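Here is a short tour of a protein chain. Take a look at the model first, and then we'll go through it piece by piece.

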Amino acid sequence: LGRLTDEQILEAYKDNLRYVLDYVEELVEKMDGKTVVTADHGELLGEQGMYRHPKGMSAKQLREVPWDVR
């Protein structure tokens with residue numbers, strides 16, 4: 001909506017990841033074996049002037065699913 005800069009949006013996204021990953025670390029410590037943390041899709045953060053994950057959009061950033069092995 002034009003209220004935030006691209007830099008502010010990216011920093012908010014990173015803040016959210018840090019917040020969630022703190023809980024992931026807590027859970028991983030309580031589990032045995034390998035743990036995979038993933039999502040159902042990526043996000044657009046200003047690429048091609050788009051944000052979020054618009055329906056019908058097939059940008060590379062949306063197709064590459066975040067994946068972390070702990």
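## The chain as a whole

Of the chain's 70 residues, 10% count as buried, where buried means under 20% relative accessible area, exposed means over 50%, and partly exposed is anything in between (1.4 Å probe, protein chains only). This is a predicted model, so local features need pLDDT of at least 70 and side-chain atom pairs count only at pLDDT 80 or more, while totals for chains, interfaces and linings use all residues. Residues are numbered from 1 along each chain as its sequence is written, and side-chain values use heavy atoms, with hydrogens and water left out.

The chain has two helices and four strands; helices (H or I, at least four residues) and strands (E, at least two) are DSSP runs, numbered from the N terminus. Starting at the N terminus, the order is α-β-β-β-α-β. The chain is more spread out than a compact globule, because its radius of gyration is 15 Å, well over the 11 Å that the globule rule gives for 70 residues. That radius is taken over C-alpha atoms, and the rule is 2.2 Å times the number of residues to the power 0.38. Along the principal axes, the C-alpha atoms fill a box of roughly 45 × 25 × 15 Å.

How many aromatic pairs does the structure hold? It holds one. The ring centres of Y19 and Y23 are 5.4 Å apart and the planes sit at 70 degrees, so the pair is edge-to-face. For the record, rings of Phe, Tyr and Trp (its six-membered ring) pair if their centres lie within 6.5 Å; planes under 30 degrees apart are stacked, over 60 edge-to-face, and the rest tilted.

Both Y19 and Y23 belong to helix α1 (residues 6-29), four residues apart, or about one turn of the helix. Y19 counts as exposed because its relative accessibility is 51%, whereas Y23, at 46%, is partly exposed. V20 is in helix α1 too, and at 39% V20 is partly exposed.

## A buried threonine

Now move on to T35, in the loop between α1 and β1 (36-38). Is T35 buried or exposed? With 13% relative accessibility, T35 counts as buried. Leaving out residues up to four places away in sequence, T35 touches V28, D68, V69 and R70; a contact means heavy atoms within 4.5 Å.
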